[in-house]
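Here are a few friendly notes to read alongside the model. Have a look at the structure first, then go through the points in turn.

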Protein chains: 2
Amino acid sequence: MVLEKVLIVDPIDGEYTGDVEIKEGNIAKIKKKHCVPKSVLMPGFVDTHTHGYMGIDCLKATSSEFENWAEYVKKEGVTYLFPTTVSSSKIILQNVIENFLKANHPSLMQLHLEGPFINNEKAGAQNKEYITSFSLEKLPNLKGKVKIITAAPEIYNFEELATFAKAENIKISLGHSNGTYEHFRKAYEMGIDRITHFPNALRNFHHREIGPIGAVFLHNFYVELIVDNVHLSTNFVKMMYRVLGPERLILVTDSISPTGLKDGRYELGDLEITVRDGIAKTNEGVLAGSTLRFIDAVKNFKKITNCSLKELSMVSSYNALKNLGIKGGRIKEGFPAKFVLLDKDLNVIKTMV
Amino acid sequence: MVLEKVLIVDPIDGEYTGDVEIKEGNIAKIKKKHCVPKSVLMPGFVDTHTHGYMGIDCLKATSSEFENWAEYVKKEGVTYLFPTTVSSSKIILQNVIENFLKANHPSLMQLHLEGPFINNEKAGAQNKEYITSFSLEKLPNLKGKVKIITAAPEIYNFEELATFAKAENIKISLGHSNGTYEHFRKAYEMGIDRITHFPNALRNFHHREIGPIGAVFLHNFYVELIVDNVHLSTNFVKMMYRVLGPERLILVTDSISPTGLKDGRYELGDLEITVRDGIAKTNEGVLAGSTLRFIDAVKNFKKITNCSLKELSMVSSYNALKNLGIKGGRIKEGFPAKFVLLDKDLNVIKTMV
């Protein structure tokens, strides 16, 4: 297959026009040429934090539902999907892993466990009943199917968790934490360089305790951002882009099962939530994930920051994979042909996984 | 007079060794030469925010006390002094201006009025009795003796104040404010580019209302910093230096009359304060200025950030003058011979004004 006259967008090589030849699932050949491009070819999007979609909830999904989920988000350009659990019991988490193990779709990567090793004080919409300090026996058998664990650096036995994760090639992402700057700095020095839905469910900034926000300005953390114009103000997103540049920002949806459905009452894990005007909240009025589609996160980020398409390919694909040590997120010969073809207004024309 | 074999530190030309010839109060000639310098020659320090020193209180100072004050701080390298009032009555402020008018010392520049046009909610150690919205008749006759007015952008009639200040060549410095990001952005677009003791007595940062802290990251404000390791954590100072660089930082002391004296009970304006271990607080426990000496602010900043001497000359002298539109803060031929000679540990050997 040859994609002719496209604007090729690569996070390293930048933007140029040409033809792209695909063979056996890989980008076989790129022919640069001057032309008026018919469409925009970007690396397929990566969603490393998503709890559900179109009625499917990660905690309850059957293996075919995982596959349907991957098909749904493919329409929005997502080619690397990391379904994400919330804090739950060991039995339920084990069940998620078993079902995920049987699912088969080229977009399905590995799971992201958000909790239960987080801080009660920053539970957000996580069920406090399951939140706990770390010990190895509290973990289900991961069977190589978990890539990310969101944990708070101040919990009891955090170092043991970090050691375990490193040995298993699992990325710890700091989150749902009331930890101070010192907690985050120490974690960074242990090699942990990722923060979950920054700076939601984290200690606030103060000039005498700069906290995780200060840590992000002082150290090279990668940060997830929920750019739905609800979790973060547009000014905050603008500020992050101006101060940090695009290299360490990772767009995520944090979407939950009502995403793509109507407003109403739903469940997130076993908590009741209400979606009104697309905003999901618990009965206590706490934001409970989002109903954001990945392509809208991409459009929002572009609109807010006026970034280049090259930079957009970084925050929507390349950075997340680079941070996880996964080869991809490039439009370049020899790389997997996971891409999204868009029109000039960033509407998805076609996605290939 | 010739200063021989000194390490010349200039905020623009950088650091180099040589001899400096002074004639008629100006730097007449600089002879670059390779040598082992005996001392460090920096532009004289600028303190744009200081309420008192060695028992002298700006609100009550006689003209000879203003002169003594200038002599005292000369020992710490300060060659440009802007005595600073706190919120008070029109009569008292008028009195300060009259006394200052009669004082005569080459370090005495103009006054800084901190308040009374600020926000009650962020009064800090200012007397709320005097805090008020702006109107022209509330101002004393400034007689060309006021250079800076600290005001909150959200107060009633702020635009009128800004217009008046512009016409009078007075710099508005935003401070003691509960204003939002929008208030600060609008002020910035009106040409106001300075913030008083950032971010003390300002609205805190939040990711859905980024406030003045966000404004500083998104726009090119100059900011006063009290680097006494009390008002701001060392991590905060480190963060400011890393994110903003040295170009927009202005060291100030915010020192009060007990500075240089023992711990005990004192007055700031007409508020009672207690100094314990050098930390000044009101009876309500609010920080009430500092007992910081300028040379210690300089040493603290160097130690915290490990900045170059060139950068140190920016934050201690050049930036403040540049922001106020005053020629100076340079070690360069043709500039006024206002400088401080230091040993390698930044102890003052000699100051010239």
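**Notes on the predicted model**

1. Let me begin with the interface: in this predicted model, 27 residues of chain A are in contact with 27 residues of chain B. Putting the two chains together buries about 2,300 Å² between them, and 60% of that area lies on carbon and sulfur atoms. If you go looking for salt bridges between chain A and chain B, the count is zero.

2. Next, please turn to strand S10 of chain A, residues 146-151.

3. S10(A) has a parallel partner in strand S9 (residues 111-114) of chain A, joined to it by four bridges. In that pairing, His112(A) has Ile148(A) as its bridge partner.

4. S10(A) also runs parallel to strand S11 (residues 171-174) of chain A, again through four bridges. Here Thr150(A) stands opposite Ser173(A). Between S10(A) and S11(A) the chain passes through helix H3 (residues 158-167), making a right-handed β-α-β crossover.

5. Finally, helix H7 of chain A covers residues 294-305. Its 12 residues reach 17 Å from first C-alpha to last, close to the 16 Å expected at 1.5 Å a residue. Which residues of H7(A) are buried? They are Phe294(A), Ile295(A), Ala297(A), Val298(A), Asn300(A), Phe301(A), Ile304(A) and Thr305(A). Just after the helix, Asn306(A) adopts a positive phi of about 55 degrees.

Key: Residues numbered from 1 in each chain as written. Chains lettered and ligands numbered in written order. Predicted model: local features only at pLDDT ≥ 70, side-chain atom pairs only at ≥ 80, totals over all residues. Heavy atoms only, no water. Pairing = 2+ DSSP bridges. Helix = DSSP H or I, 4+ residues; strand = E, 2+ residues; numbered from the N terminus. Right-handed = clockwise from strand over helix to strand, strands pointing away. Expected span 1.5 Å × (residues − 1). Buried < 20%, exposed > 50% of the residue type's maximum accessible area, 1.4 Å probe, protein only. Contact = heavy atoms within 4.5 Å. Buried area = accessible area lost by both parts, 1.4 Å probe. Salt bridge = Lys/Arg side-chain N within 4 Å of Asp/Glu carboxyl O.
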